[in-house]
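Work through the exercises below with the sequence and the coordinates open. Each task is followed by a solution in steps.

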Amino acid sequence: MSRHVVAKVGEIGSGQRKIIDVGGRRVGVFHSNGEYFALLDRCPHQGASLCSGMLMSLVDSSEPGDYRISRKSEMLRCPWHGWEFDIRTGQSWCEPSKIRVKTYPVSVEPGADLVKGPYVATTYPVSIEDDYVLVEI
Amino acid sequence: MIAPFACAPDFDPPILDSIVSGPYSGAIDCDVHPAVPGTAALMPYLDPYWREMHALRDLDRMDLMSYPPNVPLSGRSDWRPATGTPGSDFNLLQKQALDHFGVRFAICNCIYGAQAFYDENMAAAFCRATNDWIRNDWLDRDPRLRASIVLPAQNPDLAADEIERLAGDKRFVQVLLLARCELPLGRKFYWPIYRAAERHGLPVGIHAGSMFRHSPTQCGHPSFFVEDYIAQTQAFAAQLTSFVSEGVFSKFPGMKVVLIESGVTWLPAMIWRFGKDWRGIRAEIPWVRSTPGAIIRDHVRLTVQPLDGPSNPKDVERILEHLGSEDLLLFSTDYPHWQFEGDAALPPELPENLLRKILVENPLATYPRLKETIQ
Amino acid sequence: MSTPTVVSPGRDNSRPKPVVTGVVDCDIHPSAASPAELWQFLPERWRTYVAKFGTRLPNQPTINIVPYPRMSPGNGMRMDSWPPNGGFPASDLDFMREQLLDACGIEFGIFQPLSGASMSTNLELGAALSIAMNEWQLEKWARQDSRLKAGICIPQEDPEASVAIIERFAGNRDFVHIAVPTRTMEPFGRKRYRPIFAAAERWNLPICMHPPATGYHCNTPTGWASYYLEEHVSLAHPPQTVATSMIMEGIFERFPRLKIVLVEGGFAWVPPLAWRLDNQWRKMRDEVPHVKRPPSEYLREHFWFTTQPVEEAERPSDLLDTIRWIGANRLMFSTDYPHWDFDDPSRAFKVELSAEDHRAIFRENAVALFRLNEKLDEK
């Protein structure tokens, strides 16, 4: 396992994402209100680019005719069949224990710490003035 | 979470004789059809206004067009009375359906034109009369008989009233609707029926047949009766889809639905498609919080006649396994409809455990009132 | 705040490669980039008409959207199928090549052209639009890429006009089938449609029947469904009505070489329908003496079924029973590109098929049925 710098803090807005090749995998990095999450960019259903799907609220209900939304932009809809995945846990809404997408640990580090290492040398430039998002693959 | 199909723990099922061959002694037949012989039979149960209208407007021979009397399906040749509609002769039904098969109970599902009238008041009056006729002319004459309350779905409040009127008689074990109605049955329009049925522990039986409000297929009217009957499976599938999508079972968690005379083997493919679709579309109907397959297996049962299946017993076993549960099937003869020859009401070589469930345990779990009246 | 980077999945290298090349995709929905692109093939009189009065379809309540709104933009398109250069999904040939034909190993793509043409309540407009759709398929697509095969659009509720259109285009082998919706005004085996069968048989063209977004009748036998979920589940039913009707009307006794493809209805309903057809016919065969053999025999001789959307059995191996019961020779793979319920050829089946069945379903059955290995006529 190694940690890869994937973005500078501020680069990915809240409710936004970045999809990149990291450690031999395509990964989507998501930002929600100061927290970051990383998901493998492959839907477990039929292999679509899951991370390019639409970010939605969690849609729930207490009874027929009632619609409750929460957790804005934290549910990822696969661009193909629309299966919904929680960006925090990678679990599908429909069958959370059986259907999930792989997630990766994400951390935020100051550049000053990073220049000391260890992290995988990438072409991503790191400066001691900024903070960075890292994904562990 | 209410488990609608739990058996009472202290209940002791009757001993079955001759499970493997011969008639079905001790079984529960969940679908027999007494037929209204004519409005004359209902006259004692109609109020004076309708008696006058009967004479004036020729309100007779109002058999539902879903089962024209002479069509082969409507009566197996050895089950037809010498005269009159198949199922209209009490003695014949008693002898052929009850005595011959040796069943413990048989549930009467009376299919009659009143369920399809356009006039909701006339429908309610004739449904009331039909139910009273069933009670007096059938239930009172043989302790093995049970019945569904025939409902005027034209007006769900009137239907709920009819449930309230009869619910105290424990020989009514179910309420009856037809597969093709005015609206998909999951619609809130019908919820007064389910509220009343759930309160009284009465499953909602949906039987093949039509209210003749819409064409039987999405492509209009087929030419032949055989096509119309074959297409009934689409109605059952649409009703199930509606019940689940409208959240009826979350609103009425104790409610059970019985699909009667549906064909059975269409169900697995429908569940597979429905489940796959739901995964992607579920944000449209977020009150559906479990998979459609799980909901259907919890709340829906099916009578076995007809079992539109393959001829090879191994393939029959496979398609039954595709159903995904041994709790779904309820024994029925569908007497006097022609669905099988001789006594072959079930496919051969069914495992004994499954046989026992179909014949006795599943029906008892589905119809709690059956157990209550055994004492 | 900088804009996020989203890499086009067409260039995604982490997706598994197709298991089989040489796939025949039996259900692709090409689109015009704008109405004008299609309308340019209309005579002036209809161009003016349609701009003012539009194409009226049965039971479409609102202007811009299908009766049951889908769960993705563009009336239910795959969210990643919008061409990077702009335009509607499946309106750009280069992007279709990249994202579908090349990425999925498609050797032949069969069009199922959807437009208001076939169900226009104005029948003359329907005929004109059908001709326009056919010209458009040739000019924009089939003549640009020999992998793409067209379907002859016809206004099937006007059988006379339909036959004229078939005669006009059937000699061109860029057209490999005749396109009809499954929700016809009468069940498709009914007498009025017989001239179409005669023409199809004469030209040895299968009729491909695909669900439309609207219909002449309720989408259930018990009234109108409330939700798109119900509508989508109900799409398995019109093909069953087509099969039942055509068999019980004795169409295949009259037209023994007629071939029908039921598209985008899935296929797991086929064995139970076959059993029910036989079971009920045995009792009621006096009603239909022109049906000389068990209905399931006609089903297995005259009908093919495209696979999408592949039903996903809860126990995946159950689908192998289904395939065995239908016969792998009756199934033909399809993607339904660019719709949201698209099936990827390498991932659509959740159960492993034998090599022989795989080849048959993903290629050989379609090559044989659509005669894809015949040399094209000179244009």
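**Exercise 1. A strand pair in chain A**

Task: In which sense do strand E3 (residues 25-32) and strand E4 (residues 35-40) of chain A pair, and over how many bridges? Find the bridge partner of A:Gly28 in E4(A).

Solution. The model is a predicted one. Strands E3 and E4 of chain A pair in the antiparallel sense, and the pairing runs over six bridges. Within E4(A), A:Gly28 has A:Leu39 as its bridge partner.

**Exercise 2. Chain A as a whole**

Task: State how many helices and strands chain A has, and give the order of its elements from the N terminus.

Solution. Chain A contains one helix and 10 strands. Read from the N terminus, the order is β-β-β-β-β-β-β-β-β-α-β.

For the overall dimensions, take the principal axes: the C-alpha atoms of chain A fill a box of roughly 55 × 30 × 20 Å. Of its 137 residues, 41% count as buried. Among the contacts in chain A with a separation of 6 or more, 47% come from residues 24 or more positions apart.

**Exercise 3. A loop residue in chain B**

Task: Is B:Leu139 buried or exposed? Locate the residue and list what it touches beyond four places in sequence.

Solution. B:Leu139 lies in the loop between H4 and E3 of chain B. B:Leu139 counts as buried because it has 20 C-beta neighbours inside 10 Å, and the cut-off for buried is 20 or more.

Leaving out residues up to four places away in sequence, B:Leu139 touches B:Ile134, B:Leu145, B:Ala147 and B:Arg171. B:Arg171 is 32 residues from B:Leu139 along the chain, and their C-alpha atoms are separated by 7.4 Å.

**Exercise 4. The buried residues of a helix**

Solution. The buried residues of H5(B) are B:Pro156, B:Leu158, B:Ala159, B:Ala160, B:Glu162, B:Ile163 and B:Leu166. As for spacing, an α-helix has 3.6 residues a turn, so residues three or four places apart point the same way.

Key: Residues are numbered from 1 along each chain as its sequence is written. Chains are lettered from A and ligands numbered from 1 in the order in which they are written. This is a predicted model: local features need pLDDT of at least 70, side-chain atom pairs count only at pLDDT 80 or more; totals for chains, interfaces and linings use all residues. A residue is buried if 20 or more other C-beta atoms lie within 10 Å of its own, exposed if 12 or fewer, and partly exposed in between; C-beta atoms are placed from the backbone. Helices (H or I, at least four residues) and strands (E, at least two) are DSSP runs, numbered from the N terminus. Two residues are in contact if their C-beta atoms, placed from the backbone, lie within 7 Å. Two strands pair if DSSP finds at least two bridges between them.
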